[in-house]
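I'd like to talk through some salt bridges today.

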Amino acid sequence: MDYILYNGNFISMEGETERYQAVAICGDKIACTYGTKDQFPKRCFGTKMIDLAGRTVLPGFIDSNIHMVQSGLLQYCVKINAETKDAFLQHLQEKALEFEDGELVWCIGYNEETIDVTRWDLDQVSSSHPIVVSRTEFHKTVVNTTAYNMLQIPSSLSGVIRDENDMPTGVLRGEASGFARRKLYTNFVSDDLRRKAVRDMEREAFRYGITTVNAMEGGAFFSGRDIDIVNAYAKDSALNILLFPQTMDVTRIKEMGLSRIGGNIYLDGSIGSKNAALMTNYRGCEHNGTLYYSQDDVNQFVLEAHAQGMQIALSCIGPRAIDQALTAFSSAFEAVGSGNHRHRMELFVLPDAEQIDKAIALGLILSMRPNYDDLWGGSQGMYAANMGSGWEACNPVGQVVRRGGIVCGGSEYSVTPLNPLISIRSCLLHSQEEQRISLYEALKTYTVNGAYANFAEDSIGQIREGMQADLVVLDEDPFAVREQSLGDIGITMTMKSGRIVYSKGEAEWK
């Protein structure tokens, strides 16, 4: 044996009551599990013994939706916490002074609910720097005049917002926002920087107990080079990186030898940017959002990829986009049969009951974001501000689980926090009580269900003999703390394939 981890509280995820006190690890596999202390194995020379001192162990977390390149690049972006426009612009100006003239100043994550800026506001910050301000969910970007001219944004693009004099305001939504972001990636992000970003995200994942990720790379809001960089990096990474290339180019992805496609191919925008495809108009607006693709385009893509045996993921928030995805999957299944592809719908924010039942009947995996409710739900949240009473139907995790759907969890980092325990907490504290699920069901979204969604239920997602030795050691038992404190539980150690890839140093060899 290479390791024996003992004096632990191993939550196996084989069932709500199945727990162990010790495991033995040989190579990259769990060789044995031990239920009671009198069953503990005796050590052999060369075996490393780790006394867990009562700490809790779970299968390594599986983040089913993360942007590796985009998230890693965050460390080079400006972050400003401000509640007023004046305070935001003042802080942004101070940050701009730290950069050489001509260098990009990219601010991500500003509070659009309280701050509304245009290119003329950003021009007051600096005209010697291209300045870009983006929402974390990618569907809205604001640029100053320097950046607008440098990026050469075509005035014909949809989403170029204009004032009463028909002048571009620098506010870009949807297609125009995606165009600007792709140009930024082309002009300012080298392949070396992409590799650094992915390497840094690998370390961050391990720090939060994540051992497997679904990497959503490339696409309309990013760069096609991200696909190549992440694909190459994944081959030698200690982290299990399962790539969903965000493209509809099925031929290219098949030639790369990949079996997954789609990821966050956004069929519509976001509720925060008021371009998710709703059934009714946004509050105070005369529109109900945008569908980024025609039904024919989505149908053709899904049919081609499905016929090639690929696993498909489509991202949809509003009910019109959800209906578009369901129609495409139904049509493809009728044409060539359903098979066992475990296709996925990402985000799935605002389905009605009929759409939930149809998605489950089609065998689709529902990759949802409980953190959305924590960030934007409730009667005083962004959903309510933009939609009125429609917010109450958002992120129906409990409804999906009760109807027999399979929910896998993910952060969509950098949109929501990377920490899986925050997402798990959000499942328990949903603003709508009927949408809450049990702690065990919430843990399944990051373990058992995540493994099933990746056709990996025989190797990861549980602690049992013969499974991959992917483990996360927690400072506390999530079943023994207040629900509100789940997100504060620390990670003592992360083990991937029998190798310790992160440790706070508290677990010692004996």
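So, arginine 252 and aspartate 228 pair their side chains in a salt bridge, at 2.9 Å from N to O; the term here is a side-chain nitrogen of Lys or Arg within 4 Å of a carboxyl oxygen of Asp or Glu. Arginine 252 sits in helix H8 (residues 250–255) and aspartate 228 in helix H7, so this contact ties together parts 24 residues apart in sequence. Helices, by the way, are DSSP runs of H or I with at least four residues, numbered from the N terminus.

Before I go on: this is a predicted model, where local features need pLDDT of at least 70, side-chain atom pairs count only at pLDDT 80 or more, and totals for chains, interfaces and linings use all residues. Numbering runs from 1 along each chain as its sequence is written, and side-chain values use heavy atoms, with hydrogens and water left out.

What else does aspartate 228 form a salt bridge with? That's arginine 225, with the closest N and O atoms 3.1 Å apart.

How about accessibility? Aspartate 228 is at 25% relative accessibility, so partly exposed; buried is under 20% relative accessible area, exposed over 50%, and partly exposed in between, with a 1.4 Å probe and protein chains only. Arginine 225 at 35% and arginine 252 at 26% are partly exposed too.

Now arginine 344 and glutamate 346: they meet in a salt bridge at 2.8 Å, N to O. Arginine 344 is buried, at 0%, and glutamate 346 is buried, also at 0%.

Back to shared partners: Asp191, Arg194, Arg225, Asp226, Asp228 and Arg252 are joined into one network. The overall count is 20 salt bridges.

Note on methods:
Helix = DSSP H or I, 4+ residues; strand = E, 2+ residues; numbered from the N terminus.
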